Amino acid sequence: MKKAWMILIGAAIMLAACGQGNDTSSDGGEMQKPIDAQIDIPKEADKGEKVTLAVTVTQDDKAVDDAGELEFEVWPKDKKEDSKMVEAKHDKEGLYKGETTFDQDGTYVVQAHVTARDMHTMPKEEITIGNGGDHEHHHEGSDTSIHFMAPEELKASQDEVFTVHVENDKKPLTGAEVRLEISQEGVEKHEWIDGTEKGNGEYEVKHTFPEAGEYMVKVHVTKGDEVHDHIMETVKVD
């Protein structure tokens, strides 16, 4: 009789384990569907005109109203080093909006940086201001997007963590080599720090600044022969 009870208990444990094994996420629910973001901006606008930048964020065709971070990055085409950030606020039903003006004619890139529900996406579109204009072409990879995220306050002699999100052809870039090249004006020595891949196109880089000051941070992203791109950022350390 005792043996029969032990067999029944063992079978129950196996069934419970099998049930847990069928879960597709850590909380026992189904794996989250990816977020989707669609930019809505005018194709053309006049110099000095106030332009509304909009993006609609959804997940499984349902509005996402709780994005943790959402901002637009705007730069003259082929001159990403001159980019500026535009804050976006939730309007309604997954729609987020920001406003900006353009001081010069030309073609500009507008990219939305969307972080929601532990996922990140970076769609982008172009807008022509005034008569447009010709721009010198610079190689920026096949279609690579790099978003560098730093803490709001940086302190000298303190461990700091930077996050880099990378997309290629509108998909998270995995298996890449992400490195930060850190330098200061007038200082010949450059420091190189390797990043650690966290998954889904996200990379983490840790660094301790030896002293306060302004630092230039060049983010390098490479993957074989298909991707070789970089962006330049400036950070202030107190």
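Reader: Which strand gives the most to the lining of the largest pocket?
Author: β20 does, with seven residues. This is a predicted model, so a few ground rules apply: local features need pLDDT of at least 70, side-chain atom pairs count only at pLDDT 80 or more, and totals for chains, interfaces and linings use all residues. Residues are numbered from 1 along each chain as its sequence is written, and side-chain values use heavy atoms, with hydrogens and water left out.

Reader: What counts as a strand, and what as a pocket?
Author: Strands (E, at least two residues) and helices (H or I, at least four) are DSSP runs, numbered from the N terminus. On a 1 Å grid over the protein atoms alone, a pocket is an open set of points with protein on both sides within 12 Å along at least five of seven lines. A cavity is a set of points where a 1.4 Å probe fits but cannot get out. Lining residues have an atom within 4 Å of a point.

Reader: What volume does the largest pocket have?
Author: About 680 Å³. Volume here is the space filled by probe spheres set on the grid points, which are joined across faces, edges and corners.

Reader: Which residues lie nearest its centre?
Author: Glu 73, Lys 80, Ile 231, Met 232 and Glu 233, out of 30 lining residues. β5, β6 (84-87), β12 (144-149) and β20 (227-237) each supply at least two residues of that lining.

Reader: How does that lining divide by class?
Author: Into 10 nonpolar, nine polar and 11 charged residues. Ala, Val, Leu, Ile, Met, Phe, Trp, Tyr, Cys and Pro count as nonpolar; Asp, Glu, Lys and Arg as charged; the others, Gly among them, as polar.

Reader: And the second largest pocket, how much space lies in it?
Author: About 340 Å³. Of its 18 lining residues, the closest to its centre are Ile 35, Asp 36, Thr 121, Glu 167 and Lys 170. β1 gives the most to this lining, with five residues. By class, the lining has eight nonpolar, four polar and six charged residues.

Reader: Switching to cavities. How many of 30 Å³ or more are there?
Author: Two in the whole structure. Strand β13 (residues 159-168) contributes the largest share, three residues.

Reader: What lines the second largest cavity?
Author: Met 122, Lys 124, Asp 143, Ser 145, Glu 167 and Lys 170. That divides into one nonpolar, one polar and four charged. The volume of this second cavity is about 30 Å³.

Reader: Now the packing. How many residues has the largest nonpolar core?
Author: It has 25 residues, and Leu 53, Val 55, Phe 72 and Ile 127 have the most contacts inside it. The largest share of this core, five residues, comes from β9. A nonpolar core is a set of buried Ala, Val, Leu, Ile, Met, Phe, Trp, Tyr and Cys residues joined through side-chain atoms within 4.5 Å. Buried means under 20% relative accessible area, exposed over 50%, partly exposed in between (1.4 Å probe, protein chains only).

Reader: What does Leu 53 touch?
Author: Not counting residues up to four places away in sequence, Leu 53 touches Asp 40, Ile 41, Phe 72, Val 74, Val 86, Tyr 96, Lys 97, Gly 98, Thr 100 and Val 110. Contact means heavy atoms within 4.5 Å.

Reader: Aromatics next. How many pairs?
Author: Four aromatic pairs. Rings of Phe, Tyr and Trp (its six-membered ring) pair if their centres lie within 6.5 Å; planes under 30 degrees apart count as stacked, over 60 as edge-to-face and the rest as tilted.

Reader: Why is the pair of Phe 102 and Tyr 108 tilted?
Author: Because the planes stand at 55 degrees, with the ring centres 4.7 Å apart. Both residues are buried.

Reader: And Phe 162 with Phe 209, what kind of pair is that?
Author: Edge-to-face, at 6.1 Å centre to centre and 85 degrees between the planes. Phe 162 lies in strand β13 and Phe 209 in the loop between β18 (202-208) and β19 (213-223), so the pair ties together parts 47 residues apart in sequence.

Reader: Which residues do ring pairs link into a cluster?
Author: Phe 148, Phe 162, Phe 209 and Tyr 215.

Reader: Last one. Is Ile 182 buried or exposed?
Author: Buried, with a relative accessible area of 3%. Ile 182 sits in strand β15 (residues 177-183).
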